[in-house]
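I would like a few lead sentences, then points grouped by topic.

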Protein chains: 4
Amino acid sequence: MIVILSPRSSESDLEEIIANLKDRGYGVHVSKGVEKTIVGVIGAHDNDKLLVAEQLSSLDYVERVVPILKPFKVVSHEFHPDKTIVKVDGVDIGGQKLTVMAGPCSVESEEQTLEVAKAVKEAGANILRGGAFKPSTSPYSFHGLGEDALKMLSAAREVTGMPIVTEVMDTRDVELVCRYADILQIGTRNMTNYSLLTEVGNAAKPVMLKRGMSSTIEEWLQAAEYIANQGNYNIILCERGIRTFETYTRNTFDVSAIPTVLGLSHLPIIADPSHGTGRAALVPPVAKAAVAAGADGLMIEVHPQPGKALKDGAQSLTPDGFTEMMNEISAVARAVGRYI
Amino acid sequence: MIVILSPRSSESDLEEIIANLKDRGYGVHVSKGVEKTIVGVIGAHDNDKLLVAEQLSSLDYVERVVPILKPFKVVSHEFHPDKTIVKVDGVDIGGQKLTVMAGPCSVESEEQTLEVAKAVKEAGANILRGGAFKPSTSPYSFHGLGEDALKMLSAAREVTGMPIVTEVMDTRDVELVCRYADILQIGTRNMTNYSLLTEVGNAAKPVMLKRGMSSTIEEWLQAAEYIANQGNYNIILCERGIRTFETYTRNTFDVSAIPTVLGLSHLPIIADPSHGTGRAALVPPVAKAAVAAGADGLMIEVHPQPGKALKDGAQSLTPDGFTEMMNEISAVARAVGRYI
Amino acid sequence: MIVILSPRSSESDLEEIIANLKDRGYGVHVSKGVEKTIVGVIGAHDNDKLLVAEQLSSLDYVERVVPILKPFKVVSHEFHPDKTIVKVDGVDIGGQKLTVMAGPCSVESEEQTLEVAKAVKEAGANILRGGAFKPSTSPYSFHGLGEDALKMLSAAREVTGMPIVTEVMDTRDVELVCRYADILQIGTRNMTNYSLLTEVGNAAKPVMLKRGMSSTIEEWLQAAEYIANQGNYNIILCERGIRTFETYTRNTFDVSAIPTVLGLSHLPIIADPSHGTGRAALVPPVAKAAVAAGADGLMIEVHPQPGKALKDGAQSLTPDGFTEMMNEISAVARAVGRYI
Amino acid sequence: MIVILSPRSSESDLEEIIANLKDRGYGVHVSKGVEKTIVGVIGAHDNDKLLVAEQLSSLDYVERVVPILKPFKVVSHEFHPDKTIVKVDGVDIGGQKLTVMAGPCSVESEEQTLEVAKAVKEAGANILRGGAFKPSTSPYSFHGLGEDALKMLSAAREVTGMPIVTEVMDTRDVELVCRYADILQIGTRNMTNYSLLTEVGNAAKPVMLKRGMSSTIEEWLQAAEYIANQGNYNIILCERGIRTFETYTRNTFDVSAIPTVLGLSHLPIIADPSHGTGRAALVPPVAKAAVAAGADGLMIEVHPQPGKALKDGAQSLTPDGFTEMMNEISAVARAVGRYI
């Protein structure tokens with residue numbers, strides 16, 4: 001941590017800050033430039049540093065505090081140099097083979113779920129997605145079928161053998177969802193619901209953590225750190241687009257977040273071009289882009305009749321559209337040393 | 001709702017969409033322009049419209065669906081033309097007299113809480129704020145003292161007579177927080193935690209709903225609608241800055257949200273310039289701006305020694321700074337027909 | 001164009017707006033719903049519509065005006081269904097073969113330029129890029145060598161045979177730059193410099209138009225329309241990242257803009273991952289993503305010693321890094337039916 | 001400037017960087033922490049530092065370069081501690097009395113201009129604004145009457161005695177506009193048109209520099225530095241809203257930019273709530289907010305019949321609406337120690 005003093009700071013301000021830091025057990029390194037004085041802060045345990053940084057920046061003779069260390073630890077490459085492979089019932093997430101999670105945005109019925117599940121499996125998907133608890137901007141929209149949907153997903157798993165990923169939104173539902181799901185999904189609206197992150201950090205299931213729609217990459221990795229900090233290291237990150245001024249697409253899919261995360265963290269990362277774009281026609285090109293950029297997999301919304309979907313139809317592919325896209329993805333995957 | 005058909009749509013597409021809409025009980029009004037065909041959709045109950053809009057926009061012969069009605073109802077001016085006054089233990093929020101909520105970001109000790117409470121009351125504050133459960137980006141930061149902090153706040157209420165506002169972050173804590181607090185605060189990170197919104201909608205206490213850091217004004221009012229939809233109409237909105245590309249301030253305080261909300265909704269709105277700017281020096285000018293723009297009140301962080309605050313020191317005023325600001329605010333309030 | 005009247009509008013307001021529109025030669029179509037009255041506006045020439053839309057939206061009994069037609073014409077697919085191929089001295093931009101523009105951010109010397117030009121040609125680039133006039137945020141930064149740089153680029157063209165693309169920033173320099181360059185580049189900071197757009201619209205050279213760092217895709221296509229409107233249809237669009245709240249990357253590369261533009265317009269689009277990310281390590285993965293998403297080419301900064309570059313070294317590849325990336329790109333290109 | 005080395009850097013990397021910096025005349029200060037090595041760079045002339053910072057950040061063993069000095073100088077408070085008062089023909093901009101610039105977005109006719117000019121003067125405005133050259137997103141919109149409009153403005157000045165502010169968009173027009181205008185306006189779309197900034201920096205007239213719609217406060221002050229660097233210190237800054245995800249308002253008016261600029265720079269700053277909000281109903285509350293936050297003045301669009309304005313009618317006040325607002329502003333101004 002480096003503290004840059006204001007040009008208006010006095011010699012006694014400098015002494016005060018030095019005394020303050022030494023009291024807390026830090027080493028101090030002063031460097032006086034022509035125009036500014038800079039104090040390097042060395043040593044001691046990291047967690048206290050965040051607090052000290054905040055406190056120092058409130059002093060009126062301090063111009064700025066520059067942190068040196070990254071604000072996440074357990075999920076960083078420095079902590080664990082090897083790539084994490086999350087193993088889910090025979091599926092390895094983070095290896096050479098891409099993981100493809102596909103299915104309807106919302107589970108609507110047993111028939112719909114099974115129809116889609118069979119179709120996406122046939123086309124090469126290896127995990128079934130489907131919403132049982134659905135966050136919606138409006139209180140009057142469809143909110144999912146809850147436990148009934150979880151049962152329909154289980155039934156589809158029995159038939160197809162595909163593990164299930166589904167969202168949990170409430171700390172009180174974690175136990176219930178764990179009884180049915182193979183992977184717990186934390187949605188974009190709950191990335192900063194720290195009670196929920198802590199709760200799934202204590203669960204015995206892998207967690208897929210979507211990026212908050214206005215979260216920086218650092219904040220996203222800190223959210224993962226919340227989960228890891230409870231002892232659950234089976235975390236899969238999912239880039240799903242961020243909020244910008246552009247209105248043509250529902251979100252702006254941040255493709256550079258993929259190589260950035262792979263450079264900063266050992267966790268696998270998958271891409272959700274369905275929410276990332278909000279438009280079915282853009283899903284295949286953005287899916288190919290994500291794979292070319294190094295994504296470990298994809299999450300794709302598929303619905304037999306998007307025009308009748310109870311949620312997010314505009315961004316859903318038909319089973320045929322999905323199959324076509326999978327063929328294209330397969331070629332791109334091989335071009336970057338991966339396969340489906 | 002208006003449906004704009006793609007130039008590539010055929011006559012049979014048009015027939016299909018008309019049949020589809022009539023089936024669902026809607027009136028239909030077709031208007032053929034030189035280049036585009038437009039279908040007006042009339043009548044039937046609103047909640048279904050959101051779903052229909054989404055489904056139609058997924059059809060490949062539909063270019064765009066334009067909603068006509070606003071996506072919120074109970075919180076809108078049309079529903080309730082008179083301004084809502086939220087009454088909390090003798091304090092009216094939304095009337096001529098401004099409400100000033102002040103106190104420490106986090107409750108740290110009984111002494112600190114009482115010291116600040118007395119000082120802010122003396123300077124004219126009428127509600128005591130203080131964090132017991134604190135959301136933090138890092139799992140290693142301070143997370144609040146929990147129920148102990150609630151007890152300290154209660155003690156300060158007994159001494160000063162000021163009602164208490166404090167954040168609740170977990171559906172499981174709503175009952176506990178209700179036992180101590182006079183107003184339940186939903187923080188920016190939980191504005192899209194719909195389970196929590198529903199839970200506080202069932203509580204018997206007023207709710208202060210902060211704007212999500214990347215939420216539009218419409219989404220914010222829809223979040224309020226979640227609470228109101230459960231029967232709890234005692235809602236206070238709080239503008240606290242949104243996330244933009246600007247890095248000098250912690251957030252960008254959206255002052256125009258104040259008159260916008262007052263124009264669209266009957267709910268009172270207060271301003272939080274402490275989080276809105278993240279810098280103590282900017283709090284007084286932005287507080288004055290908010291009052292001049294019509295805010296019904298302010299929420300201000302005050303700490304006896306900001307340089308030693310366990311959270312958000314950089315944006316906290318000292319009790320003396322707060323007193324000075326209150327005098328300035330008082331003059332601005334009178335200039336716009338309000339008072340402190 | 002559709003005009004939605006406010007619930008507060010009267011019958012005489014409706015009559016006024018109808019008379020007003022008929023006066024200007026428009027057909028009118030009124031549709032009264034339960035809660036709102038809607039006026040469809042039909043016919044007449046498009047350019048007036050923009051003005052009428054703006055004027056109507058200022059009336060206090062009008063709630064909203066919804067445009068139906070896209071705000072660009074000549075650059076749209078409807079106007080010209082076939083893909084435009086821009087031909088530059090033997091290089092076709094927009095065809096099966098990808099166009100790769102590479103070279104230093106700034107031209108620094110004849111040796112540097114020639115060294116890089118030979119290296120990038122060897123690796124498969126087909127157009128040489130290099131800055132002669134450089135926009136810089138600070139007045140104290142390097143601003144380019146001007147005409148001397150243009151001469152150095154010409155010299156490199158003579159040796160390598162590669163056409164040249166270089167930026168023009170001032171209406172007064174267009175003639176000068178045309179004497180040397182094969183493609184005129186309009187930089188992100190000048191996308192809304194309409195005088196400059198008009199001037200290059202009158203030039204006899206193709207124009208590469210970078211997206212403004214906070215421009216929507218529609219605004220970008222309207223900027224292209226400015227150029228096309230002067231009769232110059234040889235326009236190449238270049239996605240180079242947009243400004244968002246994310247600070248890890250210099251910009252957020254909007255990969256979905258590539259298929260979006262290809263869907264809306266007949267113009268070719270290339271990708272600039274160097275500015276799009278600002279970090280050399282992210283250039284190859286994002287370049288591969290752009291190609292997978294359908295980009296017609298790439299623009300890449302290459303410098304023999306990035307650590308000594310006079311501008312934008314942090315995002316420049318070395319010639320060796322560029323060669324390595326080109327091999328990877330080649331495989332991805334083949335996977336999507338293109339080649340280098 | 002502080003250079004943070006990557007954990008992967010070697011001892012010889014450190015030696016290389018030290019030798020490199022010493023060669024360029026810098027003092028060097030090495031500080032080895034437990035996890036990172038930090039190099040402080042001291043002395044030498046500032047302008048080179050920007051370049052060195054960029055070059056160093058491209059080295060793969062450098063993790064980050066942290067600049068210490070602000071990137072602007074002449075416009076900073078450190079350089080010139082007293083507030084600048086820009087004097088324009090009897091009007092002082094930056095003093096106790098607020099400057100109010102008002103008039104139509106576009107000059108449409110001599111009658112319209114004179115009518116508005118008289119009305120706004122009567123209501124207390126002291127500078128007449130009006131567009132002669134208008135930047136428009138669409139090539140088919142109204143672009144202003146050019147020199148004819150400048151003559152109409154001059155005629156209105158002769159009658160009312162009010163100085164004129166009008167936009168210049170092209171380096172080639174600066175001389176022409178200087179013949180008529182008292183203040184040259186640089187619009188938001190040209191804030192990064194550095195050729196134009198340099199040209200008006202050489203003009204003998206004051207310049208009003210609007211903030212770029214996606215520019216940070218630092219970049220805005222650097223744009224002012226371009227003008228000042230040519231010797232023209234008569235610069236007025238104008239906050240006019242920034243681009244965010246919010247769509248209800250045309251832009252998001254950044255009220256905190258006002259006290260921020262007043263803290264960083266000696267230049268006066270005025271507020272444009274007309275463009276800042278894009279909605280006439282929001283102009284008065286946001287204008288009051290700006291004055292309460294410390295703005296030195298306002299720029300307001302006024303049109304006799306906003307419903308027939310050739311540009312930006314939706315955000316224009318009528319003369320009556322303007323007069324009413326001025327009375328309200330007057331009270332707020334007095335509350336913060338200013339007057340109209």
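The buried residues of H7(C) are Ile217(C), Trp220(C), Leu221(C), Gln222(C), Ala223(C), Ala224(C), Glu225(C), Tyr226(C), Ile227(C) and Ala228(C), where buried means 20 or more other C-beta atoms within 10 Å of the residue's own, exposed means 12 or fewer, partly exposed lies in between, and C-beta atoms are placed from the backbone. This is a predicted model, in which local features need pLDDT of at least 70, side-chain atom pairs count only at pLDDT 80 or more, and totals for chains, interfaces and linings use all residues. Residues are numbered from 1 along each chain as its sequence is written, while chains are lettered from A and ligands numbered from 1 in the order in which they are written.

**Helix H7 of chain C**

- Because 10 of the 13 residues of H7(C) are buried, this helix is largely enclosed by the rest of the structure.
- Its cover includes helix H6 (194-201), strand S11 (207-210), strand S12 (235-239) and helix H8 (257-264) of chain C; helices (H or I, at least four residues) and strands (E, at least two) are DSSP runs, numbered from the N terminus.
- The end C-alpha atoms of H7(C) are 18 Å apart, in agreement with the 18 Å that its 13 residues should span at 1.5 Å a residue; the expected span is 1.5 Å times one less than the number of residues.
- After H7(C) comes Gly231(C), with a positive phi near 105°.

**Glu219(C)**

- Glu219(C) is found in H7 (residues 217-229) of chain C.
- Glu219(C) counts as partly exposed because it has 19 C-beta neighbours inside 10 Å.
- Leaving out residues up to four places away in sequence, Glu219(C) touches Gly212(C) and Thr137(D); contact means C-beta atoms, placed from the backbone, within 7 Å.
- Pro71(C) is 148 residues from Glu219(C) along the chain, and their C-alpha atoms are separated by 8.5 Å.

**Chain A against chain D**

- In this interface, 21 residues of chain A are in contact with 21 residues of chain D.
- Strands S1 (2-5), S2 (27-32) and S3 (37-42) of chain A each supply at least two residues of the side that touches chain D.
- S3(A) gives the largest share of that side, 3 residues.
- The residues of the side of chain A that touches chain D divide into 10 nonpolar, 7 polar and 4 charged; Ala, Val, Leu, Ile, Met, Phe, Trp, Tyr, Cys and Pro count as nonpolar, Asp, Glu, Lys and Arg as charged, and the others, Gly among them, as polar.

Key
Two residues are in contact if their C-beta atoms, placed from the backbone, lie within 7 Å.
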